[in-house]
Amino acid sequence: MRDKTPVGPPADDEAPDTALTRRDLLTGAAGALGGALLSRVSPLDAQGTPKKPAAAPVPAAAKPAAVAPPPPLPVAPDDPTKVPGTPTSAQGGRSPFVNPSRTPVGDLAGTSYSPLQDLTGTITPSDLHFERHHAGVPLIDPAKHTLTIHGLVERPSVFTVEDLKRFPFVSRVHFIECAGNARPVFRDAKNENITPQRAAGMSSNTEWIGVPLRVLFDEVGAKREAAWFLAEGGDASVMTRSVPMSKAFDDAMVVYAQNGEPLRPAQGFPMRLLLPGWEGNTNVKWLRRLELGTQPWQTRWETSKYTDPLANGTARQFSFELDARSIITSPAHPRSVEKGWCNISGLAWTGRGKIRRVEVSSDAGKSWIDALLHPPVLSKAYTRFSIPFSWDGKPTVLLSRATDETGYVQPTRERLVTVRGAGTDYHTNHIVGWRIAADGRVFFHGDT
Amino acid sequence: MSRTATVSALAALFAIVACGRSTAETGEPPASGRYDLGRAATAGEVAAIDIDIGPDGAELPAGKGSVSQGAMVYGAKCASCHGMRGEGMPPAYPKLVGREPRDGFPFGRDPALVKTVGNYWPYATTIFDYVRRSMPFLQPGSLSNDEVYAVTAWLLAQNEIIKNDATLDAESLKAVRMPARDRFVRDDRKGGAEVR
């Protein structure tokens, strides 16, 4: 049971690894946990005591999730110059010797972590973009999907996907990061068996194509008194978030393409909201409706979830802009290092503009040296950094520390706990790194 | 004539012939700021999807439901995941009922505290909003307005926020004041050197 993934909100909302799976729900009585579930399915009477049992709600179309094992490796010819290769094909695939994979946790409401350690450069291949959804990935016919804009507008309007494509478009490279991306490693700072994928894989970086939101708001005649808008998704969660109008007139977009092709279903096909630099949850996927109003709607997703309780007895909400963060993606657990030269390579990003600097320490933070930032350094986008490193065989700790163009310096975990409190864990961005043992094995180091 | 101008002229000619319009434009956005794309949304089609209920509850629909009716709805539609008494099945299914700790709001200091509707939810009206749009998990949007009022009433009663013999409708739900009502503050981070 423990290796299965939960049906309900896991990962950034809850600890993921001990929950029920959709398979449990669907197979019902099979197994002790399924039995325990079924034993709970019984209506209460008016006094709140159990009555006759009822059947678990099972959707006919749902199928158990299954992660296919990688196919067996082919036998490569000893000399590829002496035999013809494979013929042309309609769609390419990766080398059978390369198998980067997301880590799915949960299924109907789940997260798939992006394999940061397997990626180079800054663009996340679309099939490896992290996914996070709250009621499954919907199957949407683009010919039937529409975006309705209404509320404080002169002309309530409906736009099809084809309508959107007729507006002037822009192309922008931006990261998206879940507000809970560092949550597991913030909560459990002592766990050393963490990969880059698990430490920061609820983020990805993409070339997005779409319409600036201000163009759409001009089209419908947004009224001057509009101060917030509500964005609503067209999936079974029908998720809603409130967004200040100022973001619409800054850099918000409604995007319909990523990395040269239409959006992938898990990224919101056929259209999603893109709010560069803002917490992932606000980038509403499968966007079906925008309503303009004067006040935030105080939805579940901006009150009960994605808020930051502070030590002073309040909870901070609308924490939109993601603070600067970095992570070394190589070397990293579970791989080992050997004596001699290699690259320290990693990613840095900030929701507040450009990364100005990434420093790396190879002595557990006693000294720091500037890493090379590989151009282009784009605003609110992944920046790749690297620095050559020669390991001398002695145990040590590698760390990275990002500074953004506002002068914000990525803090330690201890600093975040001091300024916010140990009970807060969304929007965490603390310095992390890797402990290198004497035998070259590499372990996560999150207790900074 | 430059190539761009030639293309523009050809485009204009094509537009005149093909579309019967008298002019064609390239390059500059329309002076009106409008591209005349999309179509007008009818009042009926907006109403069909305009389901949000904000903090003041102004959009709450007609209907009503009692705590005891809510117990029936909850038992049939919610308890299989959230437990008989709203205790949840963490971590997949959130705990819904619980007022602890009753003093203060120490969630920022204590990571072991469990957030519930009773202790970490600022507006009663948005319980209605969330339940109606997203629950039950496998049959979202299947509850009638009366059922949503009822299950909202049951949740509030279990959390000792309304009485066990209460019935909720739009007006009475608007009047409910949640324990965490004044705890939520706007983000005050601004970038720069300060870590907040």
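Student: Leaving aside its neighbours within four places in sequence, which residues is A:Phe229 in contact with?

Tutor: The model is a predicted one. In it, and apart from neighbours within four places in sequence, A:Phe229 is in contact with A:Val243, A:Met245, A:Ala248, A:Leu290, A:Glu291, A:Leu292 and A:Gly293. A:Phe229 belongs to the largest nonpolar core, which has 53 residues. Within that core, A:Phe229, A:Val254 and A:Val255 touch the most other members. Several elements of chain A supply at least two residues each to this core, among them strand 8 (228-233), helix 7 (245-248), strand 10 (253-258) and strand 13 (287-293). In soluble globular proteins, nonpolar side chains tend to be buried together. A second, separate core has 48 residues, including B:Leu60, B:Phe105, B:Val151 and B:Ala153.

Now the setting in chain A. This chain has 8 helices and 24 strands, and buried residues make up 53% of its 448 residues. Of its contacts between residues at least 6 apart in sequence, 69% join residues at least 24 apart.

Chain A also touches chain B: 80 residues from chain A and 64 residues from chain B take part in the contact. On the chain B side, helix 3 gives the most, with 6 residues. By class, that side has 36 nonpolar, 14 polar and 14 charged residues. Strand 15 (residues 315-317) of chain A runs parallel to strand 4 of chain B, and 3 bridges join the two. One bridge pairs A:Gln317 with B:Arg186 in strand 4 of chain B.

Note on methods: Residues are numbered from 1 along each chain as its sequence is written. Chains are lettered from A and ligands numbered from 1 in the order in which they are written. This is a predicted model: local features need pLDDT of at least 70, side-chain atom pairs count only at pLDDT 80 or more; totals for chains, interfaces and linings use all residues. Helices (H or I, at least four residues) and strands (E, at least two) are DSSP runs, numbered from the N terminus. A residue is buried if 20 or more other C-beta atoms lie within 10 Å of its own, exposed if 12 or fewer, and partly exposed in between; C-beta atoms are placed from the backbone. Two residues are in contact if their C-beta atoms, placed from the backbone, lie within 7 Å. Ala, Val, Leu, Ile, Met, Phe, Trp, Tyr, Cys and Pro count as nonpolar, Asp, Glu, Lys and Arg as charged, and the others, Gly among them, as polar. Two strands pair if DSSP finds at least two bridges between them. A nonpolar core is a set of buried Ala, Val, Leu, Ile, Met, Phe, Trp, Tyr and Cys residues joined through C-beta atoms within 7 Å.
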